[in-house]
Amino acid sequence: MSGLRLEGVANAVLAPLDLTVRPGEAVAVLGPSGAGKSTLLKIVAGLLPHRGRVLLDGGELTWLPPHRRGIGYMSQDLHLFPHLSVANNLHLPLVFRGLDRAARAARVAETLALCAIDHRASRRPASLSGGERQRAALARALVCRPRLLLLDEPFANLDHATRGALWREVDALRRRLGITALIVTHDPAEAAALADRSVRIADGTLTERTAPSCSPSMTTPCCAC
Ligand SMILES: Nc1ncnc2c1ncn2[C@@H]1O[C@H](COP(=O)(O)OP(=O)(O)OP(=O)(O)O)[C@@H](O)[C@H]1O
């Protein structure tokens with residue numbers, strides 16, 4: 001089975017859950033604060049122990065360390081290295097994967113341009129705007145050309161116009177690269193802009209959403225997210 005498949009995944013926060021994300025599909029994970037949304041992403045990323053199985057494109061990831069999973073992960077806190085330039089933040093994961101200097105330079109330049117942050121390549125994160133930092137973190141998540149992208153509230157704390165612009169760009173970029181994605185958000189409009197469908201976690205239990213899709217143009221949420 002291609003794409004992402006979770007079978008009986010559970011820990012102290014999450015009841016056993018199953019989820020399938022088809023190849024190239026983006027699924028939004030909605031739900032109240034503390035429900036376990038970030039916990040789910042960390043389990044898939046290989047950052048938390050759990051019961052059950054995580055499979056990607058038919059191969060089991062459960063026992064693989066994070067850097068061998070083929071996953072790009074952008075957490076709420078971004079976790080850019082403050083002492084490195086934007087470009088060097090992208091070089092580092094490629095060093096760990098053994099790419100030589102020339103291959104790294106080409107990949108970093110290409111990814112910075114894809115994420116429209118190449119004009120800030122030599123800057124450190126502290127000197128960037130919020131939107132630029134989000135672009136840099138997204139570029140780092142994409143630089144290894146992941147099979148799966150995990151985004152945890154990727155564009156929180158940005159103004160309305162910047163978020164809307166980033167939603168359109170990220171959705172187009174993800175579709176162009178054909179990347180499967182799992183996206184945690186509180187915002188139904190963000191889910192509608194970035195994902196093909198949504199699931200909901202509440203009280204540690206995952207349910208497929210049956211409400212009609214929310215639209216970014218809606219002024220109020222159309223469901224109890
Ligand atoms: N490192 C930790 N140690 C102990 N408990 C934790 C830890 N991280 C999270 N939790 C708890 O696990 C539960 C789920 O947290 P999680 O961050 O997954 O929720 P969430 O749905 O992503 O919430 P939010 O929308 O507020 O980010 C919460 O009760 C939280 O307090």
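## Core, domains and ligand site of a predicted model

The largest nonpolar core of this protein comprises 58 residues, and those with the most contacts inside it are Val-29, Ala-139, Leu-150, Leu-182 and Ile-183. The greatest contribution to this core, 6 residues, is made by helix H4, which spans residues 130-142. Both domain 1 (1-70 + 146-225) and domain 2 (81-145) supply at least three residues to the core. In general, nonpolar side chains in soluble globular proteins tend to be buried together. The structure described here is a predicted model.

Which residues does Ile-183 touch, not counting residues up to four places away in sequence? They are Ala-26, Ala-28, Val-29, Leu-151, Leu-194 and Ala-195. One of these, Val-29, is also listed among the residues with the most contacts inside the core.

**The two domains**

The protein chain is divided into domain 1 (1-70 + 146-225) and domain 2 (81-145). Between the C-alpha centres of domain 1 and domain 2 there is a distance of 23 Å. The two domains meet through contacts between 12 residues of domain 1 and 11 residues of domain 2. On the side of domain 1 that touches domain 2, H5 provides the largest share, 5 residues. That side of domain 1 consists of 8 nonpolar, 3 polar and 1 charged residues.

**The antiparallel sheet**

Four strands form an open sheet in the order S2-S1-S4-S5, with antiparallel pairing. Its edge strands are S2 (17-21) and S5 (59-60), each of which pairs on one side only. Strand S1, residues 4-10, runs antiparallel to S2 and is joined to S2 by 4 bridges. Within this pairing, Leu-4 has Val-21 of S2 as its bridge partner. In general, the strands of a sheet pair through backbone hydrogen bonds, and the pairing may be parallel or antiparallel.

**The ligand site**

Which residues surround the ligand? The shell is made up of Val-13, Gly-31, Ser-33, Gly-34, Ala-35, Gly-36, Lys-37, Ser-38, Thr-39 and His-186. Sorted by class, this shell has 7 polar, 2 nonpolar and 1 charged residues.

Leu-78 and Glu-153 are each found in a loop: Leu-78 lies between strand S6 (71-74) and helix H2 (86-96), and Glu-153 lies between strand S7 (148-152) and helix H5 (160-177). Neither residue is a glycine, yet each has a positive phi, as the table shows.

| Residue | Phi |
|---|---|
| Leu-78 | about 65° |
| Glu-153 | near 45° |

Leu-78 has 18 C-beta neighbours inside 10 Å and therefore counts as partly exposed. Glu-153 is likewise partly exposed, because 19 other C-beta atoms lie within 10 Å.

Val-143 occupies the loop between H4 and S7. Is Val-143 buried or exposed? Val-143 is buried, because 25 other C-beta atoms lie within 10 Å, and the cut-off for a buried residue is 20 or more. Leaving aside neighbours within four places in sequence, Val-143 is in contact with Leu-90, Pro-93, Leu-94, Arg-107, Val-108 and Thr-111. From His-50, by contrast, Val-143 is separated by 93 residues in sequence and by 27 Å in space, C-alpha to C-alpha.

Notes:
Residues numbered from 1 in each chain as written. Predicted model: local features only at pLDDT ≥ 70, side-chain atom pairs only at ≥ 80, totals over all residues. Core = buried A, V, L, I, M, F, W, Y, C linked by C-beta atoms within 7 Å. Buried ≥ 20, exposed ≤ 12 C-beta atoms within 10 Å, placed from the backbone. Helix = DSSP H or I, 4+ residues; strand = E, 2+ residues; numbered from the N terminus. Domains from an automatic or database assignment. Contact = placed C-beta atoms within 7 Å. Near = placed C-beta within 6 Å. Nonpolar A, V, L, I, M, F, W, Y, C, P; charged D, E, K, R; others polar. Pairing = 2+ DSSP bridges.
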